[in-house]
Amino acid sequence: MSATIKQLRAFVVVARSRSLAQASAQLHSSQPALSIAIRNLEEATGGPLFSRDGRQLVLTPEGREFLVRAEQLLNSWDQSLDAIQQRFRLERGQLRLAVIPAFALNRVPSLLADFHQKFPQINIVLEDVVMERVVEAVQEGRAELGISFRPDELGGMEFVPFERDRFIAVVPKEHILAEKRQYAGATWPLTLLYR
């Protein structure tokens with residue numbers, strides 16, 4: 001049988017208050033339920049953590065030693081839980097992007113500035129790479145998001161059309177296409193890639 005976070009919290013509160021009645025009020029739990037939690041924890045640890053001194057509960061030597069470790073474990077647990085919650089709330093963390101060069105140069109700076117205004121604690125790591133490397137970065141988990149042209153083979157990734165990019169032909173004045181102000185060329189959809 002292994003100890004639970006709930007049992008560790010109960011143990012710490014009982015150890016600090018030295019009273020089941022006070023601890024049960026603090027934890028919003030009944031005294032019988034708290035007694036069972038402590039008993040189960042003692043079974044998991046292999047021996048008594050408290051002894052009775054009249055109406056008060058007193059920590060055994062093993063209980064005193066365990067209290068220090070239990071508080072460290074709970075502190076670590078609370079910090080870990082808070083850190084992951086902050087990531088889900090976009091309050092802290094890191095976002096890795098793989099982006100084709102043209103988009104990285106022209107559009108990403110303004111997008112990153114807007115993103116940083118909204119989420120200042122998120123660190124952005126930008127990988128400026130050719131289309132094939134964008135796909136590889138997302139597939140291999142080096143990037144959470146990729147911005148590229150839609151690849152022919154998605155390889156298990158999802159894609160979302162992001163915007164359309166316009167290509168411009170630059171030709172010498174004497175070229176046959178120079179007379180045309182607009183060439184019926186294609187526009188290519190840029191795509192967000194993710195696993």
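**Note on a pocket, a helix pair and a hairpin**

1. Helix α6 gives the largest share of the lining of the second largest pocket, five residues. At least two residues each come from β3 (93-99), α6 (108-118) and β5 (145-149). Helices here are DSSP runs of H or I with at least four residues, strands are runs of E with at least two, and both are numbered from the N terminus.

2. This is a predicted model: local features need pLDDT of at least 70, side-chain atom pairs count only at pLDDT 80 or more, and totals for chains, interfaces and linings use all residues. Residues are numbered from 1 along each chain as its sequence is written, and side-chain values use heavy atoms, with hydrogens and water left out.

3. The axes of α1 (residues 5-17) and α3 (residues 31-45) come within 9 Å and cross at roughly 105°. Axes are lines fitted to C-alpha atoms, for helices over the stretch in contact, with angles from 0 to 180 degrees between N-to-C directions. α1 and α3 are therefore roughly perpendicular to each other (65 to 115 degrees). On the α1 side the contact (heavy atoms within 4.5 Å) is made by Gln-7, Leu-8, Ala-10, Phe-11 and Val-14; α3 contributes Leu-34, Ala-37, Ile-38, Asn-40 and Leu-41.

4. Strands β1 (residues 50-53) and β2 (residues 56-59) pair in the antiparallel sense over four bridges (pairing requires at least two DSSP bridges). Ser-51 stands opposite Val-58 in β2. The hairpin of β1 and β2 has two residues between the strands, and Gly-54 takes a positive phi near 70° there.

Key: Angles under 35 degrees count as roughly parallel, over 145 as roughly antiparallel, 65 to 115 as roughly perpendicular and the rest as oblique.
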